[in-house]
Every structure is written in C-alpha cells, then in structure tokens.
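Thanks for coming, everyone. Please take a look at the structure on the screen, and I will walk you through a few parts of it.

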Amino acid sequence: MSSRSIKGGKIFKKDKKKIKRNIEKSTLPKSRLTADSLQWKPVKTSSFSGVDNGGGMMMLEELDDVGIEYEEDTAGRKVAHFVASESKGKGKEKAAALTVDETDEVEGLADSGVDHSKEETGDGLPSFADVAAEDMNEADDQLPIEDEVPFNDKLLPEWSSIPLHSTLKRSLLALGFVNPTDIQRRSLPQSLKGRDVVGVAETGSGKTLAYSLPILSHLLRSPPPSRSSRRALSALILCPTRELALQVVDHLDRILKHALATEDDEGQPKKKAGPPRISVGSVVGGLSAQKQKRIVERGADILVATPGRLWDLIRTDEELAAGIRGLKFLVIDEADRMIENGHFAELENIVRLTQRHVGQRKGPDDDDPVFTSAANVLAENEAREDMQTFVFSATLSKDLQQNLKKRHRAGPKKGSVKTASALEDLVNRLDFRDENPEVIDLSPEGGVVAHLKESMVECVVAEKDLYLYYFLLRYPGRTLVFVGSIDGIRRLIPLFELLQVPVYPLHSQLQQKQRLKNLDRFKSSKSGVLIATDVAARGLDIPQVDHVVHFNLPRTADAYIHRSGRTARAQNPGFALQLCAPEEKGMQRALMKSLGRSHDLPDLTIESGFLPKLKERLQLAREIEKAQHGVKKENHDRNWLKETAEAMDLDIDPDMLSESDEDADAPVHGGKKRKRLSLPSSTKLSNLKGELKEKLNEPLVARGISARYPTGGSRVIVDDLVRSTGHQTLLGAATNKAWDEVMDVRKRPMGTSTKRKKRVAK
Ligand SMILES: Nc1ncnc2c1ncn2[C@@H]1O[C@H](COP(=O)(O)OP(=O)(O)OP(=O)(O)O)[C@@H](O)[C@H]1O
C-alpha cells in the first residue's frame with residue numbers, strides 16, 4: 001500500500017516535503033507528465049505495516065524534479081498537473097489531471113490518509129490509476145458483473161465442502177492455506193448460510209479469516225459497486241486497538257491481492273485496471289481525523305475500525321451513520337479486550353445503531369447519545385433485517401456464551417437490567433437477527449494451544465535476570481518477554497544491552513515511531529528479544545515467535561492465554577516459560593487452576609555449570625549500570641553547580657568541578673571531610689566495561705568439557721567443533737529446542753512438585 005492519493009478518480013503517489021519543495025521550484029520551465037510516467041522511488045519506511053506513523057501510509061514513494069501546476073477548468077475548479085523541468089520532461093505526453101478543492105492545495109494533495117482501497121499498483125493490487133476522472137464520474141456506470149469462474153476442487157479438497165466464492169479459493173491456494181483451521185471449518189458453513197456466529201478459538205487459529213471470508217465471498221457475489229457514488233458500506237469490523245485493526249487490513253490485503261489480481265506471464269499477481277472490486281478502509285485512532293474523514297467519504301465496502309475514532313466520525317457524518325444502519329455484516333473482534341479498552345460507550349453507541357428497534361422510540365426527551373447524534377438517520381433508515389453478526393475471541397467465558405443464547409431466546413429485557421459485566425452488557429446490546437446464533441466454542445482445554453509447550457523455573461526474584469539470561473543464551477530464537485511494569489522493562493533493557501543481547505522494549509510510554517521500529521527490529525532478528533508489557537499480549541501476529549517468557553506472571557488467566565498465544569501460532573511449535581518467585585507461587589496456583597489445570601508445569605532443565613559465569617557477567621553489567629547512573633548524576637551536579645555559580649557571579653574551587661577516583665566524603669585536608677560531588681569516576685566505569693568485555697569474550701563451557709583439550713574430558717566436543725554442529729554460545733550444551741525439553745516430562749499432579757535442586761553454584 002502506498003501513499004498515493006485519489007482525488008476525482010485519479011491517483012497520485014506523494015510525499016509532502018518533496019512536493020512542497022517542488023512547488024517552490026515550479027518557476028522552472030516545465031512540461032506536463034502523467035502520474036504513472038514519473039520516476040517514483042520507494043522511500044524506506046517501517047515494514048511493520050500493522051502499525052505506522054506515517055499517517056496510515058503503508059509505503060511511500062517520492063519524486064524529484066517534479067512540481068504541480070494548477071489550472072481552472074470550465075466548472076471553475078482547480079485542476080492540478082504534474083510538471084517537470086524541460087530537460088527531464090522532454091518528450092513526455094499530455095498532463096495528468098486531478099481535481100482538487102482550492103482549500104486542499106498542496107497539503108491536501110500530500111494528505112492521502114489511510115488508504116486501503118487497493119489503489120496501489122506496486123504489489124499487484126487493483127488500481128484506480130488507469131481510470132480517467134471522467135470515467136469515475138459517469139452516472140450509473142457500473143462495473144460489469146463477472147461470472148464466477150469454477151474452481152477445481154481437487155486442488156483444495158479440504159475446502160471443497162465450504163461454498164466460498166471460487167476467487168477466494170484461488171487465493172487460499174496461492175497462500176498455501178491447504179486446510180481450513182478448525183474454527184474456519186466449523187464457522188464458515190454457518191456464516192455462509194447467513195447465520196450469526198459467536199466463535200471462540202485458541203490464539204493463532206485463523207479467526208480473522210473465519211469472519212472475513214464470508215464477507216469477501218458475499219461481496220464477490222454481489223453486483224459490483226457503482227462508480228458514480230460513494231460506496232455503500234457492507235461490513236464493519238470493530239477491533240480494540242489500532243495495531244489489531246491494521247493487522248486485519250493486512251490480512252484482507254493478502255487475500256485480496258491474489259483474489260483480485262490477474263496473473264502476468266510468470267504467474268505472478270498483476271494489477272487489474274479500474275476501480276477496486278472490493279475496497280477496504282480503516283478508521284483508527286492516532287491518525288489525523290481529516291484523513292480518516294476522507295477515507296470514509298470516499299466510501300469502502302469494508303471498514304475496519306476502532307470504536308473511539310469511528311464514533312467521532314459518525315457524529316458528524318450522517319451518511320456514515322446511515323451506512324452503519326445498512327450494514328450486512330457486523331464483526332466484533334476480541335470482544336473482551338474491547339471492553340477493557342475504555343471505549344465501551346462508543347462501542348455501545350455504534351452497536352446500537354445496528355439495532356432494529358432504535359429510532360422507533362419517539363419523544364424530544366430522549367437523551368440517548370445515539371438518538372441525539374443520528375436522529376435524522378434513525379428516523380429515515382431502518383436497520384437491515386438480514387445483517388449478520390460475528391463475535392470472535394480467544395477468550396469468551398462459557399457463562400457468557402450460555403447467557404447469550406438464553407438471553408436471545410427470551411428476547412432482550414426492557415429497561416435493561418444491570419448485567420454482571422460490561423461484556424455481557426455489550427452482548428446484550430447485539431441485535432442478533434438469528435433466532436439462535438451459532439456459538440462455536442473451540443477453546444482448548446487448559447486455555448492455551450495444545451501444541452504449546454510450557455515450563456517454569458522457580459527462583460527468587462533476584463535470580464530472575466540470571467535465569468532469563470541463561471534461557472536466552474541456551475535457547476536462541478525469537479523471544480517475547482512479558483514484564484509486569486514499564487519500570488521493569490527500563491531496568492532490564494540496559495542490562496541486557498550491556499550483555500550484548502539484542503533486546504528491544506515495547507510499552508505504552510514509547511513513541512509510536514519507536515514502537516514500530518522496535519517491532520521491525522524484533523521481526524527481522526532471528527534471536528531478537530522483545531521485552532514488553534501486556535500491550536503486546538493480544539492479537540499481534542508476529543511470525544515465528546519461538547518463545548514467550550512470563551518474567552512476571554500475568555494477573556488473569558485470559559492475559560496468560562493471550563500472552564502465551566504470541567507463540568505456537570498457526571500450528572508452529574512454541575514454548576512458554578514462567579519465571580516464578582516463591583511469593584508468586586500462590587498466584588501461579590490460582591492462575592493454573594483457573595485455566596483448569598490439574599498439574600504443575602514441568603521445571604525447565606538448567607545446566608547449572610554455566611550459571612557461575614553468567615552470574616559474574618550479570619554482576620558486572622549491574623555495576624556498570626550503577627556506575628553509569630553515578631557518572632550521569634555527577635555530571636549533572638557539576639553542571640548545576642557551575643551554572644549556579646556563574647549566575648551568582650561566584651568563584652568556586654576548581655577541585656569541586658573535577659572528577660575524582662575517591663569516594664564521596666573521603667577525608668582530605670588534614671582529616672577534614674569535604675563533600676565531593678564526584679561519585680564513581682568515568683575511569684572506574686571504563687575499567688568495569690573493559691572487565692565485562694573480557695568476560696563476554698571468555699567461552700562458556702559446560703561441566704565435564706575441556707575447551708583446551710576438545711578430544712578429552714568426560715564429554716568430547718571435537719566433532720561438534722569440526723562440523724560446527726555444537727551450540728552457538730554454550731560450549732558442550734545440546735542444541736535441542738526448548739519445546740523438546742518438556743516433551744516427556746509434562747505434567748504431574750498439582751502441588752506435588754519435588755524439592756528442586758539448588759541450581760546456582762555460588
Ligand atoms: N487455513 C489456514 N491455513 C494456514 N494458515 C492460516 C490459515 N488461516 C489463517 N492462517 C494464518 O494463521 C495466522 C494466525 O491467524 P489469526 O491472526 O487470524 O489468528 P487469531 O485466531 O485471530 O489469533 P489471536 O487470537 O491471537 O488474535 C495468520 O498468520 C494467518 O495468516
């Protein structure tokens with residue numbers, strides 16, 4: 001997806017700064033250019049398309065030596081043309097025209113907003129680029145209805161009984177999704193029949209496609225949208241966070257990329273000319289409201305949104321409110337998280353717009369926010385009778401599922417009795433059209449994915465750093481470490497950086513840009529370590545996370561399920577480790593009990609021979625950290641003293657401004673104590689750093705191994721050394737994966753844990 005913008009049906013890729021610069025240059029002699037004839041250059045931006053800081057731009061391309069010229073057309077509107085200096089533009093053909101409001105000017109041009117309407121061409125998605133503005137504005141000009149080309153079911157036998165549009169089956173084939181996941185196999189036949197579905201299934205089990213495929217199938221089988229007017233909204237997907245919403249858009253993109261493209265000679269997806277057959281828009285917080293407004297005004301078949309921003313837009317856009325009333329599909333993804341997220345009122349308001357009875361009430365005293373904001377819309381539009389509602393989550397309590405069924409059979413209670421939880425309240429607001437919504441509960445026994453291997457290390461709080469360090473070295477791989485507080489992350493990051501472990505923080509107090517960057521780095525480093533708060537616990541579909549470490553235990557079973565669900569996704573192996581201090585033991589028992597576990601987790605085997613050296617390194621890293629703080633404080637104090645003295649026009653003893661290797665309050669000048677401002681000196685700091693460097697260069701050798709005589713000792717490592725088959729960093733350690741460790745020792749009755757051996761050699 002790129003930052004092209006569409007105005008009056010023509011697309012342009014843009015970069016605000018460049019265009020501004022070029023406008024300044026526009027006094028040069030110029031010739032006009034078509035947008036697609038220009039030399040667009042990709043700009044390096046974050047590859048984590050799920051979150052971005054570029055105003056929703058998924059890809060940015062830039063131009064040099066091109067400006068924009070405005071001309072008035074016969075209707076008095078400003079028409080902009082791309083122009084280039086004569087030397088560069090020679091031979092280029094007639095101008096590319098786009099219509100802009102005067103008020104939009106250059107800012108508006110550069111301001112494409114989140115645009116998931118598939119107008120991008122670079123990655124083979126369908127594009128508006130070849131459609132002239134006039135064509136886009138032709139009245140009642142509908143795209144031709146394409147016949148569904150039959151799909152050979154032998155190519156995807158496992159999907160043959162699921163009546164999806166054949167185009168989607170081609171997409172699934174291209175993506176290598178040979179088998180539907182369980183939740184897809186169970187829910188799709190129901191949703192494709194028009195039923196309402198509540199789906200509960202383990203993390204990473206493909207719930208996004210479970211609710212998206214019926215929407216796409218419906219749209220592909222519906223008459224294509226008219227080119228002349230704003231697209232009627234067909235589906236609304238509500239997500240709790242911006243990251244999740246954009247990830248859902250990514251998911252849809254992946255399917256649509258194959259579904260809506262033709263193939264080139266080499267069988268690669270190629271862009272199709274014309275407006276997108278299906279357009280997907282996103283409306284999420286954190287981006288400019290102006291941009292979001294444009295997306296909505298342009299119209300989309302599917303809107304993926306977070307409730308807060310969407311409700312803001314609905315309040316000022318009657319057409320959008322009417323669109324919500326006319327929805328064919330309403331999806332609530334991660335319903336339980338949505339409640340936690342503090343946008344309950346907005347979510348509730350949006351959901352109420354889809355209710356059939358809202359608006360039938362009369363009376364000026366009605367202070368219902370929905371009624372007030374959308375009174376006209378409610379009066380003039382009936383909510384669609386055949387709307388389908390899909391509610392999906394990995395954690396939706398059984399009680400709630402039962403209540404939902406019972407409540408629906410009994411019909412919503414008048415005056416709404418105060419319900420037990422906000423989530424129940426929400427579910428009570430959902431106006432399922434289905435007499436008996438299909439509830440599919442595939443939540444696994446024990447809460448987490450069956451093939452996830454879990455283990456724990458019991459240790460005192462002070463040793464958690466050591467065992468984390470050991471684990472990261474012993475089991476290299478992409479590891480997500482969950483820490484209970486932002487302060488905890490701030491303590492661990494510098495420590496592990498000193499130990500040369502590739503660690504990246506992720507928490508809510510980081511700037512969005514930095515969060516993005518860190519996620520990118522984590523994704524691109526095979527042994528990267530993301531140290532995060534629960535901000536990373538839900539929904540993030542980062543490929544190949546090998547391990548999740550619960551450095552601090554989560555407070556709820558749901559949080560444990562979602563955190564652990566960042567690994568072992570889509571049938572990949574995965575491993576979750578709990579670092580459990582004695583004071584957390586009670587909490588851990590309660591946690592495991594509420595997950596329905598009757599067994600303690602197995603202990604992780606620790607090769608204790610490595611620990612003393614790791615401990616030394618850690619100790620040095622801690623001292624360096626402390627010394628660094630001391631030096632920082634010393635500099636700060638010295639600067640303060642200097643500045644204050646200067647301000648007061650005082651002379652100060654130069655000794656007081658110099659560094660010292662001596663301790664503070666050391667006796668000087670005939671036994672008198674003089675307060676020194678210098679704490680640990682920078683010399684001491686560099687000595688410590690040198691010492692750590694040496695330690696980091698020393699090999700870490702298992703017990704019974706002789707690094708000097710690799711053919712001797714009780715364990716011979718010469719073959720590993722010759723063939724490079726041994727452990728990367730721990731000489732003599734096995735190279736097995738963490739999940740292999742707990743293959744056979746899984747589970748023993750709760751509370752029967754044997755006394756653990758003292759693992760740390762003092
Ligand atoms: N049928 C399939 N075959 C193979 N992979 C699939 C299939 N369906 C979905 N996937 C892939 O599985 C991964 C996880 O899917 P998704 O993010 O939808 O999981 P989820 O159930 O929503 O997880 P969570 O509860 O953590 O949000 C995605 O990368 C997706 O592309």
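Contacts first. Of the contacts in the protein with a separation of 6 or more, 74% are between residues 24 or more positions apart. Two residues are in contact if their C-beta atoms, placed from the backbone, lie within 7 Å. This is a predicted model, where local features need pLDDT of at least 70, side-chain atom pairs count only at pLDDT 80 or more, and totals for chains, interfaces and linings use all residues. Residues are numbered from 1 along each chain as its sequence is written.

Now the overall count. The protein has 27 helices and 29 strands. Helices (H or I, at least four residues) and strands (E, at least two) are DSSP runs, numbered from the N terminus. Of its 762 residues, 41% count as buried. Buried means that 20 or more other C-beta atoms lie within 10 Å of the residue's own; exposed means 12 or fewer, and partly exposed is in between, with C-beta atoms placed from the backbone.

On to a sheet. In what order do the 7 strands of the open sheet come? The order is E13-E14-E10-E15-E16-E9-E17, and the pairing is parallel. Two strands pair if DSSP finds at least two bridges between them. Strand E13 (280-283) and E17 stand at the edges with a single partner strand each, so one side of each has no neighbour in the sheet. From one strand to the next, the twist averages 15 degrees.

Helix H7 (residues 207-221) packs on this sheet. H7 touches E9, E10, E14, strand E15 (329-333) and E16. The direction of H7 makes about 165 degrees with that of E16. Axes here are lines fitted to C-alpha atoms, for helices over the stretch in contact, and angles run from 0 to 180 degrees between N-to-C directions.

Let's zoom in on strand E9 (residues 197-201). Is E9 mostly covered or mostly uncovered? Mostly covered: 5 of its 5 residues are buried. Val197, Gly199 and Ala201 point one way, while Val198 and Val200 point the other way. In a regular strand the side chains alternate between the two faces of the sheet.

E9 pairs in the parallel sense with strand E16 (residues 388-393) over 4 bridges. There, Val198 stands opposite Val391. E9 also pairs in the parallel sense with strand E17 (residues 438-442), over 5 bridges. Ala201 has Leu442 as its bridge partner in E17.

Elsewhere in the sheet, strand E10 (residues 235-238) runs parallel to strand E14 (residues 302-305), and 4 bridges join them. Leu238 has Ala305 of E14 as its bridge partner.

Next, two helices. How do H9 and H10 cross? The axes of helix H9 (residues 289-298) and helix H10 (residues 307-316) come within 11 Å and cross at roughly 70 degrees. That makes H9 roughly perpendicular to H10; angles of 65 to 115 count as roughly perpendicular, under 35 as roughly parallel, over 145 as roughly antiparallel and the rest as oblique. From H9, the contact uses Ala289, Gln292, Lys293 and Val296. From H10, Arg309, Asp312 and Leu313 take part.

Last stop: Leu510. Leu510 is in the loop between strand E20 (503-506) and helix H20 (512-524). Leu510 is partly exposed because 17 other C-beta atoms lie within 10 Å. Not counting residues up to four places away in sequence, Leu510 touches Pro505 and Arg515.
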